[in-house]
Amino acid sequence: MTDKTPSRRERILHTLAEMLETDPDARITTAALARSVGVTEAALYRHFPSKRKMFEGLIEFVEETVFTRCQLILREEEDARSRLRKLAQLVLVFAQRNPGLCRVLTGDALVGEDPGLRHRVSQFFERLETQARQVIKEGEIRQGLRPATSSARTAEWYTTLIEGRIQRFTRSSFQHRPDAHFDEFWEALALGIWRTAE
């Protein structure tokens, strides 16, 4: 965090994320959001032409945060096993720290909203799966590691399990932390990713 005062646009997105966390059963209206930010609805629309754009702003924040850090992991780690472990931990810790955004990632907050938003969320998980597939493939080529099945199928399972932990966190009203018992979770998951040496 910096000492810089957040812009009005950032305040709107931050408030929207907080509202999604503190009142998970409520459908967010622009009137309620404007009251929470302390501005008029007209002021909201000066920064975001539609409610869809507000949700897109949250999704873009998730993408930028996760995939920027993902690139740092790829630069710092050469071992495919460490890369996958740290990437999974990154996503799950991010989810735990941002419960309101988990409601967006699971689609829970998007019920009744623009259907295109679900496609944007889907793209986030598809990008995560693509990154995992690339790491697995590089592990095969550079390290001689052998995935349990094809790199595509293994990446699909990897991503599905991460997504499932985020879904469980949301479904439990944020009681079951997605990063809980991560070492045990990863140990079990890793068994399904790589074949043991013969």
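Residues are numbered from 1 along each chain as its sequence is written. Because the model is predicted, local features need pLDDT of at least 70 and side-chain atom pairs count only at pLDDT 80 or more, while totals for chains, interfaces and linings use all residues, and side-chain values use heavy atoms, with hydrogens and water left out.

**Exercise 1.** Determine how the axes of helix α4 and helix α7 are oriented.

*Solution.* Start with the axes (lines fitted to C-alpha atoms over the stretch in contact, with angles from 0 to 180 degrees between N-to-C directions): those of α4 (residues 51–76) and α7 (residues 116–143) come within 10 Å and cross at roughly 5°. The two helices (DSSP runs of H or I, at least four residues) are therefore roughly parallel (angles under 35 degrees). Next, the contact (heavy atoms within 4.5 Å) includes F55, I59 and F67 of α4 and L117, F124 and L128 of α7.

**Exercise 2.** Decide whether T15 is buried or exposed, and find what T15 touches.

*Solution.* T15 lies in helix α1 (residues 8–22). Beyond neighbours within four places in sequence, T15 is in contact with L33, S36 and V37.

**Exercise 3.** Describe the surroundings of T149.

*Solution.* Not counting residues up to four places away in sequence, T149 touches T154 and W157. The C-alpha atoms of T149 and R195, 46 residues apart along the chain, are separated by 8.5 Å.

Conventions
Angles under 35 degrees count as roughly parallel, over 145 as roughly antiparallel, 65 to 115 as roughly perpendicular and the rest as oblique.
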